Amino acid sequence: MLEATIKGHDLKFYTRPDIFSPENVDKGTLAMLSQIEFSESDKVLDLGCGYGVVGITAAKIIGTKNVFMSDSNKKAIQMAVKNAEVNGVSDISIVCSNGFENITESNFTHILSNPPYHADFSIPKHFIEKGFNRLCLGGKMYMVTKRKDWYKNRLTAIFGGVKIVEIDDYFVFMSEKKSMSYANK
């Protein structure tokens, strides 16, 4: 079990060796969370939640009603459910979903993701393009990776702009939905 204090909350996380970052909370995830200010009116999606660090942190701050978590890995979902219980936020909506396939909610104020960036770009491309459509006007997509150029170009093409902050060799990207259609249309 991992223990971490994130945004003033003491949290515990069970992990598994076959789930991303099993030995410590990922530095990229912490970098991304450091750039986000949550408010009680937010509606948050932790896309690719792994064992639940981002969604559980959000739920501790804004409550569970408007926090949604998803991952395509069933073992990760099992850990996220267990970790939500351990951290006292067991009524978060957590679903197994390949991207947005099983996510019925929309009008998110924040979509947060630490996508797999060591493979090809098909997963983050899907997250960015479909995520744009699930954000409310003024909603923000946050992503963190160690790769800069592809994400900068894709987020700019879809959202019309991107803010990038570099922390501990990670790039935290934030793009805001300012219109109802892609910027490049």
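These questions and answers concern a predicted model of a protein.

Me: How many helices and strands does the protein have?
Reply: Along the sequence, the elements run β-β-α-β-α-β-α-β-β-α-β-α-β-β. The count for the protein is 5 helices and 9 strands.

Me: What radius of gyration does the protein have, against that of a compact globule?
Reply: The C-alpha trace spans about 45 × 30 × 30 Å along its principal axes. For 185 residues, a compact globule would have a radius of gyration near 16 Å. The value for the protein agrees with this: 15 Å.

Me: Which residues of helix 5 are buried, and where on the helix do they fall?
Reply: Buried here means under 20% relative accessible area. In helix 5, residues 149–159, that applies to Tyr151, Leu155, Ile158 and Phe159. Seen down the helix axis, these buried residues lie within an arc of 80°, so the place they line is one face of the helix.

Me: Which exposed residues does the face of helix 5 turned away from its buried side carry?
Reply: Exposed means over 50% relative accessible area. On the face turned away from the buried side of helix 5, the exposed residues are Asp149 and Asn153.

Me: What do the buried residues of helix 5 pack against?
Reply: Packing is judged by contact, with heavy atoms within 4.5 Å. The partners of the buried residues of helix 5 are helix 4 (122–134), strand 7 (135–145) and strand 9 (170–176).

Me: Which residue follows helix 5?
Reply: The residue after helix 5 has a positive phi, near 90°. This residue is Gly160.

Conventions
Residues are numbered from 1 along each chain as its sequence is written. This is a predicted model: local features need pLDDT of at least 70, side-chain atom pairs count only at pLDDT 80 or more; totals for chains, interfaces and linings use all residues. Side-chain values use heavy atoms; hydrogens and water are left out. Helices (H or I, at least four residues) and strands (E, at least two) are DSSP runs, numbered from the N terminus. The radius of gyration is taken over C-alpha atoms; the globule rule is 2.2 Å times the number of residues to the power 0.38. Buried means under 20% relative accessible area, exposed over 50%, partly exposed in between (1.4 Å probe, protein chains only). The arc is that of the directions from the helix axis to the C-beta atoms.
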